[in-house]
Amino acid sequence: MSGVWDDWLAERAALRAERGTERFDAVLRLDHPRSRLREPLDLASNDYLGLSRDERVVGAAHAALDRYGAGATASRLVTGTLPVHRDLEAALCRLTGQPSALAFSTGYAANLGALTALSGRGAEILLDAHAHASLHDGARLSRGPYATFAHNDVDDLDRQLAAREGSRVVVAVESIYSVLGDRAPLRDLVRACRRHDALLVVDEAHGVGVAGAGCGLVHEVGLAGAPDVVVTVTLSKALGSQGGAVLAPTAVRSHLVNTARSFIFDTGLAPAAAAAAAASADIVRADTSLAGRVRAHARTISSTCGVEPAAGAVQSLPMADSAAAVDVALELRRRGVLVGCFRPPSVPDGVPRLRITARADLSDADVLEASRLVARLAAADRLGAGLRAVEAVDDAADEGPRTGDAPSPARGLPSAAAVEGVTTPVPATPLENLSPGDDRA
């Protein structure tokens with residue numbers, strides 16, 4: 001690269017370091033099935049139901065790989081549509097109660113395709129202020145006017161729709177928001193949209209597999225198949241695969257096939273991923289206990305960590321600042337527990353958080369012990385004890401509450417005494433060799 005580009009890249013790197021927003025793509029999971037090292041306990045990934053390694057799902061992927069090869073080889077409109085894509089779309093319709101589905105290569109591409117194809121000339125887009133980045137990017141790429149309304153504020157949406165009376169308006173929200181963990185008031189949003197003849201797009205990335213016995217929040221509130229509601233999903237979270245889809249009336253599907261650029265100009269979803277997702281969708285539909293286990297573990301995490309229960313799998317623990325969030329996440333990693341770490345600008349309200357994901361395939365005992373460890377480390381950090389002093393908290397746990405163990409004034413942070421008495425042996429994991437400077441998630 002030239003000096004101009006080298007200088008620019010160095011400047012941007014220095015700015016990230018100054019702001020504490022540097023990120024790395026560290027390898028955190030083992031890649032050898034026979035390794036004698038114990039896998040870290042994963043409370044960070046989006047594999048909510050543990051289906052990514054389910055033998056039925058993996059078997060379906062293997063069968064599709066053997067039958068169709070490694071890739072779809074072309075756009076869906078050329079030679080890239082395979083029978084497995086139709087099977088996937090049918091399985092998604094059975095699960096969610098929607099009349100038709102169109103599979104995309106990612107959930108991100110599905111959101112881009114839906115918003116750009118349904119807006120266009122003469123239309124406007126209104127986004128919930130906390131909507132996912134893919135929805136905001138879809139609004140930008142639509143080349144039309146777009147704005148945000150206050151998070152989950154139906155009155156604000158109603159006012160903004162009234163100000164656009166006579167325009168064709170697309171309203172885009174998430175069913176369950178992954179950072180704050182709250183759910184959208186979908187019935188009220190639909191009523192507001194219907195008063196002004198607007199179309200509602202609902203991103204069910206964190207709803208399908210968890211809400212509504214696994215069928216999603218749209219299904220749970222009785223809106224499945226509604227002609228003025230379009231649903232987008234990702235296949236890479238609860239369904240444990242890869243890809244995305246738009247679920248909608250058949251006329252909308254036909255419109256997307258002809259106008260959604262992220263569908264038309266993209267190679268079709270890999271057949272193994274499509275088959276895996278189809279198998280997962282049928283498993284979720286048949287076994288409602290999976291969603292129940294996620295919710296039970298979510299209650300364990302939220303109650304142990306002293307936070308309000310989230311509507312989905314992801315429980316959100318506020319931290320004092322970005323440095324504290326990173327330090328606690330790294331110490332948890334050293335002890336063999338993986339959690340997410342959300343920092344500005346990735347959090348809508350500017351509050352750094354630990355992101356703790358409930359999963360159906362973990363044992364009750366593991367979830368409880370890991371939750372207690374998360375709570376204790378977070379509390380110790382907030383109390384000013386510092387992570388190197390956590391062992392002192394452990395050693396004194398049997399002495400009962402102390403004056404210094406008063407709860408933090410920050411919302412959702414328990415006292416160290418509230419989670420006393422947990423033993424946390426350092427597991428034998430490859431993460432032991434990571435120093436705090438090796439990665440800042």
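Two exercises with worked solutions follow, on a predicted model.

**Exercise 1.** Which residues of helix α5 meet which residues of helix α10, and how are the two helices oriented to each other?

*Solution.*
Step 1. Two packed helices are described by an angle between their axes and a distance between the axes.
Step 2. For α5 (residues 107-118) and α10 (residues 250-259), the angle is about 95° and the axes lie 10 Å apart.
Step 3. Angles of 65 to 115 degrees count as roughly perpendicular, and α5 and α10 are therefore roughly perpendicular to each other.
Step 4. On the α5 side, the contact is made by Gly113, Ala114, Ala117 and Leu118; on the α10 side, by Val252, His255, Leu256 and Thr259.
Step 5. Sorted by type, the residues of this contact are five nonpolar, three polar and no charged.

**Exercise 2.** Which strands pair with β8, and are the residues of β8 buried or exposed?

*Solution.*
Step 1. Strand β2 (residues 100-104) pairs with β8 in the antiparallel sense, over five bridges. In β8, alanine 245 has alanine 103 opposite.
Step 2. Strand β7 (residues 229-234) also runs antiparallel to β8, joined by four bridges. Here valine 233 stands opposite alanine 245.
Step 3. In a regular strand the side chains alternate between the two faces of the sheet.
Step 4. In β8, Gly244, Val246 and Ala248 point one way, while Ala245 and Leu247 point the other way.
Step 5. Buried means under 20% relative accessible area. In β8 (residues 244-248), five of the five residues are buried, and this holds for the residues pointing either way.

Note on methods:
Residues are numbered from 1 along each chain as its sequence is written. This is a predicted model: local features need pLDDT of at least 70, side-chain atom pairs count only at pLDDT 80 or more; totals for chains, interfaces and linings use all residues. Side-chain values use heavy atoms; hydrogens and water are left out. Axes are lines fitted to C-alpha atoms, for helices over the stretch in contact, and angles run from 0 to 180 degrees between N-to-C directions. Angles under 35 degrees count as roughly parallel, over 145 as roughly antiparallel, 65 to 115 as roughly perpendicular and the rest as oblique. Contact means heavy atoms within 4.5 Å. Ala, Val, Leu, Ile, Met, Phe, Trp, Tyr, Cys and Pro count as nonpolar, Asp, Glu, Lys and Arg as charged, and the others, Gly among them, as polar. Buried means under 20% relative accessible area, exposed over 50%, partly exposed in between (1.4 Å probe, protein chains only). Two strands pair if DSSP finds at least two bridges between them.
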